[in-house]
Amino acid sequence: MSVASKKFIHKHAGHCESGVMSTMLSHHGLAMSEPMAFGLSSALSFAYLPFVKLAGMPLIAYRSIPKAIIKGLQKNIGVKMKIETFSNQQKGQERLDVLLEEGKIVGAQTSVFWLPYLPEEMRFHFNGHNLLVYGKEASTYKISDPVFEHVVEASEQEFLKARFARGVMAPKGAIYYPTFVPENIDYASVVPKAVKAVAKRMLKTPVPIAGLKGMRYLAKNIRNLESKDRRYARLFLGHIVRMQEEIGTGGAGFRYIYASFLQESGKILDNETLLEASEMMTAVGDSWREFALLIAKSIRSKKSETVDFDAIAKKLESIADEEALVYQKMLTAF
Amino acid sequence: MKAQEVPQDDNSTYHGEKRAVYATTKDGDYGVVASSGWDVEAEATQQAVAELQRLADEAYAACETGKCSPLEYHMYAKRLDLLSLSQATGLFQWRIKRHFNVKNFNKLSDKLLDRYADVMGITISELKKLPQKES
């Protein structure tokens, strides 16, 4: 693959991992939008894991686990990726520099906290961030971070710190690049598989913490906040909104990205049902935004006023019902 | 969400940056719209930042009176908590808790102090004291 002479084009994306994969594959000649990368890897999900704590708050995820998009694309469209991790920081840096000198663009997993270009308020200890390194000048890395509108930079030292942050999901300097990129995608066979996988996961996951059951479980927990400490209750609600809207969801906890994927697929395959499902998913996204607004209003209000936990829980339950219809629709599309 | 409904609330937390949001044109076609922020999201972010600030401030006050070691202050100031500090350093939580005690903290070896300082990105001498209070 000779890409050394190719000019790198940065793309602004909603989510880091799908953004990286979309830009990377497009760079290697397989044009792919971010929603397509997200959709073909069946990345849409919901999980509420009260026993996994993130900064003292339970994990609420609107998508599948980190690296699932990279792995999903390998499985579904036959891309082959090489992922390298390092126990030695120096070696990790040298390897990245060698790859860059070869003219490769390289994906990297990093911590969010140590990225110097990120606004102060956005820096939290989260190790699952993804970005692309497209060059190095002197001791400065040229970085294409998909969640930024423009390209950014980091010094050798800063970037090393971000790549080798420790803790949960420690990146261990992980870098990745494709070793094989197919010339085209057989949408007619890949899309149905990817779409059905999401619908089934959301409708039928047997454990109560994932899929639509996870949403209902979260709703139940919101009702239980009534008896909890006020400060904790407000923080918990604010946490839900952050997980849904902050950095890298493309809005409404990935529901809009997925609606965009359904639309693109519907057009490619000339499938009316997918287009309808896309519109329904857009409406679901709007409902998630209303849900966030409802929470914001309740945590904004003065401390003396009581929060209507039941109304918030009801809203979430109605979204679960609404989503169920979309997934049922998706199952009838093929 | 329609493109013209994408919030442009100029979130201070973005520092002038923009976020990609997926929205539809008036023909219903999806695309990326750069958003300068949404108040709802900004409030949630600020709430989380304020909570960590509150914990750091409390620890600062306690450290000033010798009730806890500077380690506890620096932990919150660097947006860590007992769990994440334990995960990042590989030390047991009960052991870290012991180091919140001034007496125990003062006895720590440079090697152990460096383990803390490293994950926080500060020097050992910075870790050993409280920073000057911002006025």
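Predicted model: local features only at pLDDT ≥ 70, side-chain atom pairs only at ≥ 80, totals over all residues.

**Chain A as a whole**

Next I went through the secondary structure and found 11 helices and 8 strands in chain A. The radius of gyration came out at 21 Å, close to the 20 Å that the globule rule gives for 334 residues, so chain A is as compact as a globular protein of that length. I also noted the span of the C-alpha trace along its principal axes, which is about 60 × 45 × 30 Å.

Then I turned to contacts within the chain. Taking those in chain A with a separation of 6 or more, I see that 71% are between residues 24 or more positions apart.

On charges, I have 44 positive and 35 negative ones in chain A, and their mean positions lie 7 Å apart.

**Where chain A meets chain B**

I wanted to know how the two chains touch. On the chain A side 51 residues are in contact with 39 residues of chain B. The size of an interface is often given as the accessible area lost when the parts come together, so I looked for that too. About 3900 Å² is buried between chain A and chain B, and carbon and sulfur atoms give 56% of this area. Which residues of chain A lose the most area to chain B? They are E121(A), R166(A) and R289(A), together 15% of what that side buries.

**Single residues**

I picked R234(A) and placed it in helix 8, residues 230–245 of chain A. Buried or exposed, I asked myself about R234(A)? Its relative accessible area is 9%, under the 20% cut-off, so R234(A) is buried.

K172(A) is not a glycine, but it has a positive phi of about 50°. I found K172(A) in the loop between helix 5 (156–163) and strand 8 (175–180) of chain A.

In chain B, D10(B) is not a glycine either, and its phi is positive at about 45°. D10(B) sits in the segment before strand 1 (19–24) of chain B. Its relative accessibility is 61%, over the 50% cut-off, so I put D10(B) down as exposed.

Terms used:
Residues numbered from 1 in each chain as written. Chains lettered and ligands numbered in written order. Heavy atoms only, no water. Helix = DSSP H or I, 4+ residues; strand = E, 2+ residues; numbered from the N terminus. Rg over C-alpha atoms; globule rule 2.2 N^0.38 Å. Contact = heavy atoms within 4.5 Å. Lys, Arg positive; Asp, Glu negative; His and termini not counted. Charge placed at Lys NZ, Arg CZ, Asp CG, Glu CD. Buried area = accessible area lost by both parts, 1.4 Å probe. Buried < 20%, exposed > 50% of the residue type's maximum accessible area, 1.4 Å probe, protein only.
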